[in-house]
Amino acid sequence: MDQLGLENRLADLPLGEIRYFDAIGSTNDYAAAWAQEGAPDCSLVIADEQTAGRGRGARQWFTPPGSALAFSLILRPEIPEGGGQIMRITGLGALGVSRALRGSYQLPAEIKWPNDVLIDGLKVAGVLAEASWTGDQLSMVVLGIGINVAPDAVPPDDWDGHHERPFPATSVESVLGTPVDRLVLLQVVLTELLRWLPRLSEPKFIQAWREKLVFLGDWVQVITSEAEMFEGQIINLNGDGSLRVRLRSGELKSLQVGEIHLRLVDSSPK
Ligand code: BT5
């Protein structure tokens, strides 16, 4: 992967500028700083390797060289206030990756709300959307996406010193059984993202996202950032991208993106 190859491959897409790095801390951090300095809309930061790739909260994202896609798009979306901007952009990322894997590679990619893409229950990609605000006005969003392309991108069990039990993971090549050209995959994912970006406020977007969701109707354990834990049945994806769940008590609750983790409960009462 290199700057020229990327520019040639992505020439037909309506991107801003492209900045490629052999190695970087985190493409999201670089993109946020560049956006503050006035990066054009839809600019792309991409790296072969991340030495400090981030997941949500304090979690890390493993990106060794030569095997993954790790990139961040700088977006200045126009979404009406109170429209769940970060949730929609997170959904956009997951939808773009899953549609690319389905459409161009015939893989059964699904979305684990809010930010994971799974194939056969294994995590193949993660999305990290981060916003900057000016007052209560959203000024820009960095949409970060990490995709495990080759098997080497899958974190070994002890890679982060066992800070937490990792969600089981896989790579595109492992499920496909053939080599995958990272630039081609990147091009298809970006094409999907840019196609859906202007449509984030349309019901069709929520519908497309809902169709890809795993766990709809299932009972899950919900773990919040405050370490609160409860069980609920996933009822629906709301129009703003939040997730509707029914608690054991019958109470209905809408989960906002924030810091939520879902795990399937083994014995789903029917
Ligand atoms: C995510 O967080 O899944 C968001 C990942 C976003 C990564 C992209 S890469 C480009 C951009 N720049 C960045 O610095 N980040 C973004 P979360 O749902 O919190 O999941 C993080 C957890 O996934 C970690 O705690 C690990 O257990 C696990 N994990 C780390 N690396 C992984 C990998 N390559 N494949 C599968 N799971 C991984």
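Domain bounds here come from an automatic or database domain assignment. The model is predicted: local features need pLDDT of at least 70, side-chain atom pairs count only at pLDDT 80 or more, and totals for chains, interfaces and linings use all residues. Residues are numbered from 1 along each chain as its sequence is written, and side-chain values use heavy atoms, with hydrogens and water left out.

**View 1. The second largest pocket lies between domain 1 (3–211) and domain 2 (219–264), because both give residues to its lining.** A pocket is an open set of points on a 1 Å grid over the protein atoms alone, where a 1.4 Å probe fits, with protein on both sides within 12 Å along at least five of seven lines; lining residues have an atom within 4 Å of a point. The volume is about 150 Å³ (space filled by probe spheres set on the points, which are joined across faces, edges and corners). Thirteen residues form the lining; nearest the centre are Arg-56, Ile-86, Ala-129, Val-257 and Gly-258. α3 (85–105) and β6 each supply at least two lining residues (helices are DSSP runs of H or I, at least four residues; strands are runs of E, at least two; both are numbered from the N terminus). The lining has seven nonpolar, four polar and two charged residues (nonpolar: Ala, Val, Leu, Ile, Met, Phe, Trp, Tyr, Cys and Pro; charged: Asp, Glu, Lys and Arg; polar: the others, Gly among them).

**View 2. Ala-129 sits in strand β6.** Its relative accessibility is 14%, so Ala-129 counts as buried (under 20% relative accessible area; exposed is over 50%, partly exposed in between; 1.4 Å probe, protein chains only). Leaving out residues up to four places away in sequence, Ala-129 touches Ile-86, Ile-89, Thr-90, Val-141, Val-142 and Leu-143 (contact: heavy atoms within 4.5 Å). Leu-92 is 37 residues from Ala-129 in sequence, and their C-alpha atoms are 9.7 Å apart.

**View 3. The largest pocket has a volume of about 710 Å³.** Its lining counts 38 residues; Gly-55, Arg-59, Gln-60, Trp-61 and Lys-123 are the closest to the centre. α2 (27–36), β3 (68–75), β6 (122–134), β7 (137–148) and β12 (261–264) each give two or more residues. By class, the lining splits into 13 nonpolar, 14 polar and 11 charged. Domain 1 (3–211) and domain 2 (219–264) both contribute, so the largest pocket lies between them.
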